[in-house]
Amino acid sequence: MENNEKTTETQSGGKRLSIWKSKIQASLQAIEQKIPPKLRQFYLFQRQLEPEASGRKQLLFWLWNTLPYLGATTGLRVLSLWFAASEYGRPMYESYFELPALIWLNLGPVLLLGLLLYAALGRQWLAFLLNGSLVLVGSLINWFKLALRNDPFLAADVTLVREAQNMAGKYEIALTADMWAALAALAAVTLLLALGMQARPCARARLALFGAALTALLPLRRLWSDEDFYLYDLATDNSELITPWASAQVYVSKGFVYPFLHSVSQAADKAPAGYDKQRAQQILAQYEDADIPEDKKVNVIGIMLEAYNDFSRFPQVKLNLDVYEEYHKLEQEGVSGNLVTNIFAGGTIDTERCFLTGFSQLQDFRQDTNAYPWYFRDQGYRVEGSHPCFQWFYNRENVNRYLGFEDYYFVENYYGEFTDGDIAMDEVLLPEIIDLYEQNKKTGKPYFSFNVSYQGHGPYDSQKYWWSYKGDFIHNENGRLSAEEQCILENYLGSLWSTNRHLKEFFDYFRQEEEPVVIVLFGDHNPWLGDDNSVYKALGIDLDPSSKRGFFNYYSTRYLIWANDAAKQTLGRDFSGQGPDISPSFLMNQLFAECGWKGPAYLQFTSQAMEVLQALHTSGLYVIDGQVTDLLTPEQMDVAGDYRTVEYYQRKNFDRQD
């Protein structure tokens with residue numbers, strides 16, 4: 001019955017297409033009949049020249065039938081750049097033309113696609129209509145996505161039909177006068193080409209044209225997929241009007257066609273070697289999602305501190321003032337250990353999103369994805385968080401919603417009122433986390449809050465002291481550090497000193513809190529300390545990841561899981577001792593273990609994997625019982641393979657039902 005219905009629908013669709021095709025052909029014929037006969041007979045308006053036509057006639061004939069087409073295609077791309085400029089308007093539009101590489105990377109693919117379509121179809125008007133519709137409609141979708149969500153149109157979005165429908169339903173989408181004019185121009189040029197440029201090359205010529213255009217696309221493909229060329233090469237650097245750390249703004253600065261094609265190389269989330277979907281389902285079927293018992297629900301507050309690490313562990317760092325005094329007291333009151341991150345001096349979201357999802361390898365999040373905030377929501381928790389920077393930073397405005405957050409607070413929608421629109425430091429962030437916690441009490445729901453600080457973000461000034469006078473924090477023994485290097489390091493340590501003072505006040509508040517609260521605190525990565533790691537080198541800190549010491553020096557930060565007395569009593573746990581060296585993807589597992597919760601099926605599975613492999617690093621290395629290795633036993637290889645399989649399945653199959 002279902003197959004019959006599909007067949008009927010297919011036949012019905014084919015009939016409708018045939019009817020529309022007939023109508024278009026009839027309309028074109030009617031228009032052609034109104035053209036004076038003499039003009040219709042003029043050789044430039046013919047489909048083919050008579051064989052005896054002179055060379056001059058043939059040259060004019062083909063110039064007439066190709067140059068307007070190529071010119072119209074070029075004009076279309078130039079027009080689409082107007083919409084690519086988005087909110088930046090004319091200044092951004094004009095900036096494109098100052099970089100020949102950007103113009104070619106945006107214009108070249110459109111021209112070559114136009115030639116491919118012309119060669120394949122043999123009709124200029126149809127090739128132009130298809131090419132123009134793709135480029136112009138894509139440009140308009142990009143414009144609206146940026147205007148409504150501050151999120152550009154990426155190749156990965158093409159498959160997200162449901163997301164597109166949701167977006168269209170939530171926003172009022174009205175075309176501007178410029179857009180109507182562009183669509184009208186597309187229709188008018190298509191009509192002119194249909195009536196005035198009717199030449200159809202022979203099959204041999206079309207095949208040669210197709211091959212030439214396809215060959216010309218190959219070097220462009222290598223260019224638009226090159227990440228370094230896209231982000232760092234001076235030929236494509238158009239960052240004067242934008243913030244280079246905002247991916248959406250970087251996208252706008254490159255035009256539309258070029259950044260869209262660049263996103264193709266990042267759209268594929270490739271399955272791991274040996275991936276078997278049925279195997280993943282069988283593994284997860286061995287576990288059953290477990291609820292948090294009502295009498296064991298405690299409030300959870302997570303804080304990821306920017307570039308926060310304990311430099312007192314390096315004997316080379318001689319401190320004049322114990323910057324870490326308060327933090328070390330906290331570690332004595334909770335469970336602490338090394339967090340083996342995938343990153344160094346940048347890439348904050350890797351640690352952040354590994355923690356929130358339980359994935360050791362991330363994707364470009366473009367739709368709702370399995371993550372732990374969804375689990376807490378399903379358990380009746382209020383789920384929100386803060387980043388006192390701008391919402392476009394790493395596209396948190398959109399991605400955090402895909403990960404399950406109900407609300408997230410940024411400069412634009414919260415913190416700007418405390419800072420006159422500027423980024424908030426920890427003296428603002430930490431008290432506001434408390435205030436938001438207090439506000440949640442009115443809901444009667446338990447609370448899950450995940451927050452990302454900005455204070456401590458590099459680079460640190462090498463000339464001006466931000467927090468202290470020279471020598472307040474560092475004893476520069478034997479002048480190992482240059483004046484610039486000492487300033488960089490003292491500015492970093494001064495930031496930590498300030499953060500630790502505010503952390504003391506923050507934890508003191510929750511010591512007195514009657515409601516049960518568990519706090520997870522960790523650093524995202526080690527700090528930038530001078531170009532080419534100059535401060536590390538001057539101090540003699542080993543950053544060679546080929547050795548165990550160098551690997552941990554380079555990649556590890558600290559984590560802390562702390563509970564107030566009310567939480568310890570509620571959960572019947574003491575929250576003390578040394579925790580294992582773990583990946584950020586296993587930090588939530590450690591939290592659930594300390595709380596005595598079983599958690600969702602995926603977490604139960606990964607907790608068992610964590611007993612064998614405590615860290616799966618993107619470099620291909622593993623941490624097993626505190627040792628760094630790339631050699632696994634057959635049993636460990638099986639665990640790693642199953643983990644990769646289930647992790648990929650979890651990324652690709654969102655299973656929450658609203």
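**View 1. Burial and overall make-up of the chain.** In this predicted model, buried residues account for 51% of the 658 residues in the chain. The chain contains 26 helices and eleven strands, and its accessible surface amounts to about 31,100 Å², with 53% of that area belonging to carbon and sulfur atoms. Among the contacts in the chain with a separation of 6 or more, 76% are made by residues 24 or more positions apart.

View 2. Eight strands make up an open sheet with mixed pairing, and their order is β4-β3-β5-β1-β6-β7-β2-β8. The edges are taken by β4 (407–409) and β8 (577–578), each of which has a single partner strand, so one side of each is left without a neighbour in the sheet.

**View 3. The pairing of β3 with β5.** Strand β3 (residues 382–386) and strand β5 (residues 447–452) run parallel and are joined by five bridges. Within this part of the sheet, R382 stands opposite Y447 in β5.

**View 4. Helices packed on the sheet.** Helix α14 (residues 325–333) packs on the sheet, where it touches β2 (335–340), β6 (517–523) and β7 (556–563), and its direction makes about 60 degrees with that of β7. Helix α15 (residues 348–357) lies across β1 (299–305), β2, β5 and β6, and runs at about 165 degrees to β5.

Methods: Residues are numbered from 1 along each chain as its sequence is written. This is a predicted model: local features need pLDDT of at least 70, side-chain atom pairs count only at pLDDT 80 or more; totals for chains, interfaces and linings use all residues. Side-chain values use heavy atoms; hydrogens and water are left out. Two strands pair if DSSP finds at least two bridges between them. Helices (H or I, at least four residues) and strands (E, at least two) are DSSP runs, numbered from the N terminus. Contact means heavy atoms within 4.5 Å. Axes are lines fitted to C-alpha atoms, for helices over the stretch in contact, and angles run from 0 to 180 degrees between N-to-C directions. Buried means under 20% relative accessible area, exposed over 50%, partly exposed in between (1.4 Å probe, protein chains only). Accessible areas come from the Shrake-Rupley method with a 1.4 Å probe; for residues, only the protein chains shown count as cover.
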